Amino acid sequence: MRRLPAVLALALVSAPLLIAPASSVVALGAAALLLCALGILGVMPALVGGMVLALGEYALALRLAGGGPRLGGAVLLGVGLVLLLETAEFGRRAHHAAIGPGVLLAQIRSWAVCGALTGAGSLAASAAASTVGASMRLPWAAAVAAAAAAVALVAVALALRVARPSSDV
Amino acid sequence: MTTRLTPLVLSVVTVGAWGLVLGVLSGRAELIVAVLPLLLGLLRIGGARSPGDWTLTRAVSAARVFEGERVTVTVTVSATRPVPLLELFEPLPPTLRLVGGHNRGLFSLTRGHSVEWRYEVECTRRGRVTLGTVHARAWGRAGLEAGEATIPVPWHLRVYPRALPLRRLPGPRRMQTFVGNYVAPSLGEGLEPGDIRAFVPGDRVRHVNWRASLRFRRLFVTQYHQERNADVVLMLDTLSEAGAPPDTTLDFSIRAAAALATAYLTRKDRVGLIEYCGPFRWVRPSSGRAHHERIFEALLRADVMFSYVTQEVALVPRRILPPQALVIAISPLLDPRFEKALVDLAARGFDLVVLSPSPIPLVKRTIRGSASADLACRLWALERRARADALRRAGMTIVDWDPAEPLEAALGGLTRSRRRAVAR
């Protein structure tokens, strides 16, 4: 159960190399791959570190390449991030465990549905944001984006706090 | 069932936050878009099932086994409502070792569906094993939240000590009055010819020794040795032990006691057990299959128990320690209290044999080899020899047994020397 996250991690760190095959990007990618491999073997914080480094590598590649926004690729990268986290976590759980009949099939189906839905949702959201961005030009656009990002994070944190441990017997 | 968010949520939020920060810093919208699937994935939180949705039963292939035997555990999970992903974990006590399958399982169940999960364990050490709890986690498909429950499924297994192979046994010097397998010095009904004497009225014709009668021209009859049984009392030292489980001196002592009890009971002898752990615990001498089980149950309980109480051998009733009995004391000779009890027994005229499993090789196995460890072991061996010599001077027979060697080899020399002593 470690092959699927390994393939996803490899795809994740090699995608930025297609945008800008610079040595700095390769170095960052190698470091990210190493951390991801450690994470897949069971050290979950290492996987998170590897994914953050992979995002950094992606940002660097975009910066070096320049040009217009590549939203399709970004959505694919995001779906890859989701699936990498979930498959690695499932692999950790399934390691040294008896797997019942139909578990893997159901899990793969669930990941496929999740990938499709989150991908479609992200595409729709980014398309809507592009339309809004094209129709009205806000002053201080970067500051607004930063504030929106902060608000989004706080909203997620609050939502999780509300959904946190419930106990019923 | 307690439902909680898993560490995966923290991982998702961390990656998402870093993605947003990098997006703002680099001024590229792609990073914000890449983070969107992660944040959208969090919307799936909700819906780990309660423990009422499924039931658990356990079946074990045997309830009573011997050390070293294997047992198959079958757990059946049945669902009344769909369970997306159920993780079950059954922690094993240290006396059980997993040899086949896994004691953790992941299952996906639909309505009315049941799944069987099997694993095999080896019972490494004697004792009463209780596996009482199965830990269950009902995961959501995404793994973002899990409900946890502990399900009591009581299971008891008795692991009896493995009886070591034994064919020749130390013979007792004194017999009892019941029929058994030993040739007694006294004459009477039996199979082994003893003496020849002149015929007297009342003698049976079938006992007439025709060869002697023809030679001396008068009737002679052959007398036979009686065949009698014996009382054997096994005295087990549970004051202290050395070595690492499942190979401590006590483990080997108990295996030897089990082997001796089995062998003597097979010969129709009466066997008793005295466990000396400061105070005495005992099983009265008797014979038969039920008594065999009684002794094994007592051996199952036997363990080292610290106690300040030291009872005298004189407190043991005669019916537990009959004066004619052969007493086989099994002790690593680590505690002077047991040595004092042995000296008491010898002074009272008991037919006493001390079987001493040596703790030195067992302790040597658990420590790293070094020059100082070797020296310590040699000094220890010298000290043991000196103590054994002191006991021999008190009239005891001491058998030093290296547990790596077969028990029969250790008892072999003793069997021969006792046979000579009985003949004398």
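H4(B) and H5(B) run roughly antiparallel to each other (a label for angles over 145 degrees; under 35 is roughly parallel, 65 to 115 roughly perpendicular and the rest oblique). Their axes come within 10 Å and cross at roughly 175°. This is a predicted model, in which local features need pLDDT of at least 70, side-chain atom pairs count only at pLDDT 80 or more, and totals for chains, interfaces and linings use all residues. Residues are numbered from 1 along each chain as its sequence is written, while chains are lettered from A and ligands numbered from 1 in the order in which they are written.

**The helix pair in chain B**
- H4 covers residues 249-266 and H5 covers residues 289-301 of chain B; helices here are DSSP runs (H or I, at least four residues) and strands are too (E, at least two), numbered from the N terminus.
- Axes are lines fitted to C-alpha atoms, for helices over the stretch in contact, with angles from 0 to 180 degrees between N-to-C directions.
- On the H4(B) side, the residues that meet H5(B) include Ile254(B), Ala258(B) and Leu265(B), and among those on the H5(B) side are Ile295(B) and Phe296(B).
- By class, that contact has eight nonpolar, three polar and no charged residues (Ala, Val, Leu, Ile, Met, Phe, Trp, Tyr, Cys and Pro count as nonpolar, Asp, Glu, Lys and Arg as charged, and the others, Gly among them, as polar).

**A sheet in chain B**
- Four strands of chain B make an open antiparallel sheet, ordered S2-S4-S8-S6; strands pair if DSSP finds at least two bridges between them.
- S2 (54-60) and S6 (96-101) of chain B sit at the edges, each pairing on one side only.
- S4 (residues 70-79) and S8 (residues 114-123) of chain B share nine bridges, and Val71(B) stands opposite Val121(B) in S8(B).

**Where the chains meet**
- Chain A brings 58 residues to the contact and chain B brings 53 (residues are in contact if their C-beta atoms, placed from the backbone, lie within 7 Å).
- H4(A) gives the most to chain A's side, with 14 residues.
- That side splits into 38 nonpolar, 13 polar and seven charged residues.
- S1(A) also pairs with S7 (residues 104-109) of chain B, in the parallel sense over two bridges; Ala98(A) has Gly105(B) as its bridge partner.

**Confidence in chain A**
- The average pLDDT of chain A is 86, and 89% of the residues score at least 70 (pLDDT is the predictor's confidence in each residue, from 0 to 100).
- Residues 165-169 of chain A fall below 50, and this stretch has eight contacts in the model beyond near neighbours in sequence.

Terms used:
Contact = placed C-beta atoms within 7 Å.
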